[in-house]
Amino acid sequence: MAIANIHDRGSIERAYPPDAYAGDASANERRRPAVLKGVRITSAPDAAGDFAIERATQQVGEVPGAVFLAPFHRVTAQEDAAADPDPRLGYDAFVSEIIDAAQRFGYRAETSPGSGDARLRGPRQ
């Protein structure tokens with residue numbers, strides 16, 4: 001697991017480099033993949049903007065727990081038959097998606113229900 005910062009795109013690029021994006025996006029675009037490849041954001045940014053990120057896989061039908069983002073190329077050969085798409089096309093936009101997701105959805109321990117939380121009371125089935 002790597003620590004990246006929402007204010008430093010370079011830190012995200014080191015944790016998830018363009019070549020990893022290109023390989024994962026190509027694998028995800030294969031016909032009906034059973035497993036998607038991408039990144040998982042395992043913590044929300046702290047006050048300085050640092051958050052935990054890791055390369056990950058997820059079964060297509062799996063219910064996600066942490067935020068999982070799977071890359072796909074923004075332009076495919078079918079959409080632009082005159083030219084092969086650059087395998088890194090869309091990388092900058094994907095890094096922006098990672099930053100967005102980290103800010104909105106990262107796991108925050110302080111908002112997680114504890115043992116005395118009313119949502120956890122009542123009959124169990």
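Predicted model: local features only at pLDDT ≥ 70, side-chain atom pairs only at ≥ 80, totals over all residues.
Reader: What makes up the protein, and in which order do the elements run?

Author: The protein has three helices and four strands. From the N terminus on, these elements follow the pattern β-α-α-β-β-β-α.

Reader: What is the order of the strands in the sheet, and what is their pairing?

Author: The four strands form an open sheet in the order S1-S3-S2-S4, and the pairing is antiparallel.

Reader: Why are strands S1 and S4 said to stand at the edges?

Author: Strand S1 (2-5) and strand S4 (67-69) each have a single partner strand, so one side of each is left without a neighbour in the sheet. From one strand to the next, the twist averages 40 degrees.

Reader: How do you know that S2 and S3 pair?

Author: Two strands pair if there are at least two bridges between them. Strand S2 (residues 35-41) and strand S3 (residues 50-59) have seven bridges, in the antiparallel sense, and therefore they meet the requirement of at least two. Among the partners, Lys 37 has Thr 57 in S3 as its bridge partner, and Gly 38 has Ala 56 in S3.

Reader: What joins S1 to S3?

Author: Four bridges join S1 to S3, and the two strands run antiparallel. The requirement is at least two bridges, so S1 and S3 also count as paired. Ala 4 stands opposite Phe 51 in S3.

Reader: Which strands does each of helices H2 and H3 lie across?

Author: Helix H2 (residues 18-28) lies across S2 and S3, and runs at about 140 degrees to S2. Helix H3 (residues 91-105) lies across S2, S3 and S4, and runs at about 170 degrees to S4.

Reader: Why is Asp 24 called buried?

Author: The term buried applies under 20% relative accessible area. Asp 24 has a relative accessible area of 4%, and therefore it is buried. This residue lies in helix H2. Leaving aside residues up to four places away in sequence, Asp 24 touches Tyr 16, Lys 37, Gly 38, Arg 55 and Pro 71.

Reader: Which other residues of H2 are buried, and what do the buried residues of H2 pack against?

Author: Besides Asp 24, the buried residues of H2 are Ala 20, Tyr 21, Ala 22, Ala 25, Ala 27 and Asn 28. The buried residues of this helix pack against S2, S3 and H3.

Reader: How many residues does the largest nonpolar core have, and which have the most contacts inside it?

Author: The largest nonpolar core has 21 residues, and those with the most contacts inside it are Tyr 16, Ile 41, Phe 51, Leu 69 and Ile 98. Two or more residues each come from helix H1 (9-15), H2, S2, S3, S4 and H3. H3 gives the largest share of this core, seven residues.

Reader: How do you know that Tyr 16 is buried, and what does Tyr 16 touch?

Author: The relative accessible area of Tyr 16 is 1%, which is under 20%, so Tyr 16 is buried. Not counting residues up to four places away in sequence, Tyr 16 touches Tyr 21, Asp 24, Gly 38, Val 39, Arg 55, Pro 71, Tyr 91, Phe 94 and Ile 98.

Reader: What makes Tyr 16 and Phe 94 an aromatic pair that is tilted?

Author: A search of the whole structure finds three aromatic pairs. In one of them, Tyr 16 and Phe 94 lie 5.8 Å centre to centre, with 50 degrees between the planes. The centres must lie within 6.5 Å, and planes under 30 degrees apart count as stacked and over 60 as edge-to-face, so this pair is tilted. Tyr 16 is in the loop between H1 and H2 and Phe 94 is in helix H3, 78 residues apart. Phe 94 is buried, with a relative accessible area of 0%.

Reader: Why is the pair of Tyr 21 and Phe 94 called tilted?

Author: The ring centres of Tyr 21 and Phe 94 are 5.7 Å apart and the planes stand at 40 degrees, so the pair is tilted. Tyr 21 lies in helix H2 and Phe 94 in helix H3, so the pair ties together parts that are 73 residues apart in sequence. Tyr 21 counts as buried, at 0% relative accessibility.

Reader: Which residues do the ring pairs link into a cluster?

Author: The cluster consists of Tyr 16, Tyr 21, Tyr 91 and Phe 94.

Key
Residues numbered from 1 in each chain as written. Heavy atoms only, no water. Axes fitted to C-alpha atoms, helices over the stretch in contact; angles between N-to-C directions. Contact = heavy atoms within 4.5 Å. Core = buried A, V, L, I, M, F, W, Y, C linked by side-chain atoms within 4.5 Å. Buried < 20%, exposed > 50% of the residue type's maximum accessible area, 1.4 Å probe, protein only. Phe/Tyr/Trp six-rings, centres within 6.5 Å; stacked < 30°, edge-to-face > 60°.
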